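Dear colleague,

Please find below the structure that I am handing over to you. My findings follow directly after it.

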Amino acid sequence: MRKTALRRVLACPLEEGKELAPLSALGVGGRCEFFAEPSKLADVAALFQARVLEGFPIYILGGGTNTVFADGEIEGVVLSTLRLSACCWSVEGSRLQGELEAEAGYPLPLVVAAARKEGLGGAEFAQGIPGTLAGAVAGNAGAGGSSVGDLLDEVTTVEANGEIRGWRRGEFHCSYRFFSLASPTRFIAACKLKFWKKNPKEIQRDESAFLRARAGQPRGVRSAGCAFKNPPGDSAGRLLDACGCKGLRVGGAAVSGVHANFLLNEGGAAGGDVFRLVTLCRDIVFGKTGILLEPEIKFMGFPE
Ligand SMILES: Cc1cc2nc3c(=O)[nH]c(=O)nc-3n(C[C@H](O)[C@H](O)[C@H](O)COP(=O)(O)OP(=O)(O)OC[C@H]3O[C@@H](n4cnc5c(N)ncnc54)[C@H](O)[C@@H]3O)c2cc1C
């Protein structure tokens, strides 16, 4: 019934039982009931309208670099943004500023590289952050006190009922790893970012500084970036380290010995291992300090 309804409304292919682990940086998780990767926004709107009638869950997936999938079969549709990746750069004649209008799945590393090429500043902080533009906007990804929300000027969304809506700056707000429009029932379809003219040498220098700041992070490993948000006035990594979490392990998931806020898939980890390790670390830190760490990584398909 659900399959028939989905096939009727979607112009894009609908895959059944797709393996999810290869779609995430952490490489954990089972399969999804349905997987759709549309290249047209009309398909996203149709899918959201179908959900209103049929009541199935939709999980929005960008680059999967901040996501932990549950094991087993995840009911509903995993909706990938990777084929929605058109972009348009415009630089004013005076080159005082520039704009990028891009769809959800446009890769964040391309934002950094293209801005540098155009001589536009603003995206240097994102050097080294993987994933898509909308994934970054949804979590207001950032580094060193800067974040993508600083550049965000307009957002186009698909609302829960399938309506396509535009939002201007002032109608949304961003703070540390928070974007006010982010919601599991709202699709970030496209964004407009604003940049300013900057000397290419200064762009290179500042990008290098952001990269150097990553020197203390684990490399060449399977992770989803920082597992927890920093609590006000402190660092989650410092707290986890001080509470003895480095090296903790559940199944194939372990807390990095290099940086305690990175949880790794050291081989054969299940989504449940990562979930239990996050819970264990959070409980240890809370028990020793009274500070309740909030996960930065997103869990998909786990019970509430
Ligand atoms: C090595 C490494 C380093 C990292 N460093 C940083 C860092 O310095 N700073 C930082 O902030 N993060 C960092 N991250 C985390 C991650 O890369 C970022 O959060 C990234 O912006 C997530 O983008 P994504 O496309 O992969 O999102 P996904 O993991 O696919 O999704 C993340 C969340 O966004 C939602 N989402 C995605 N697309 C949409 C959409 N179109 N509409 C609505 N919701 C959507 C998803 O539903 C999910 O809840 C790092 C990750 C890794 C692996």
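Strand β3 (58–61) runs parallel to β5 (residues 73–80), and 4 bridges join the two. Strands here are DSSP runs of E of at least two residues, and helices are runs of H or I of at least four, both numbered from the N terminus; two strands pair if DSSP finds at least two bridges between them. Within this pair, Leu-61 stands opposite Ser-80 of β5.

The model is a predicted one, in which local features need pLDDT of at least 70 and side-chain atom pairs count only at pLDDT 80 or more, while totals for chains, interfaces and linings use all residues. Residues are numbered from 1 along each chain as its sequence is written.

The open sheet has 4 strands in the order β1-β2-β5-β3, with mixed pairing. Because β1 (14–19) and β3 stand at the edges with a single partner strand each, one side of each is left without a neighbour in the sheet.

Helix α2 (residues 41–54) holds Leu-47. This residue counts as buried because it has 24 C-beta neighbours inside 10 Å; the cut-offs are 20 or more for buried, 12 or fewer for exposed and partly exposed in between, with C-beta atoms placed from the backbone. The C-alpha atoms of Leu-47 and Arg-7 are separated by 9.9 Å, although the two residues lie 40 residues apart along the chain.

Turning to the ligand, 30 residues surround it, and Gly-62, Gly-63, Gly-131, Gly-135 and Gly-225 are the closest (C-beta atom, placed from the backbone, within 6 Å). Helix α4 supplies the largest share of this shell, 4 residues.

With kind regards
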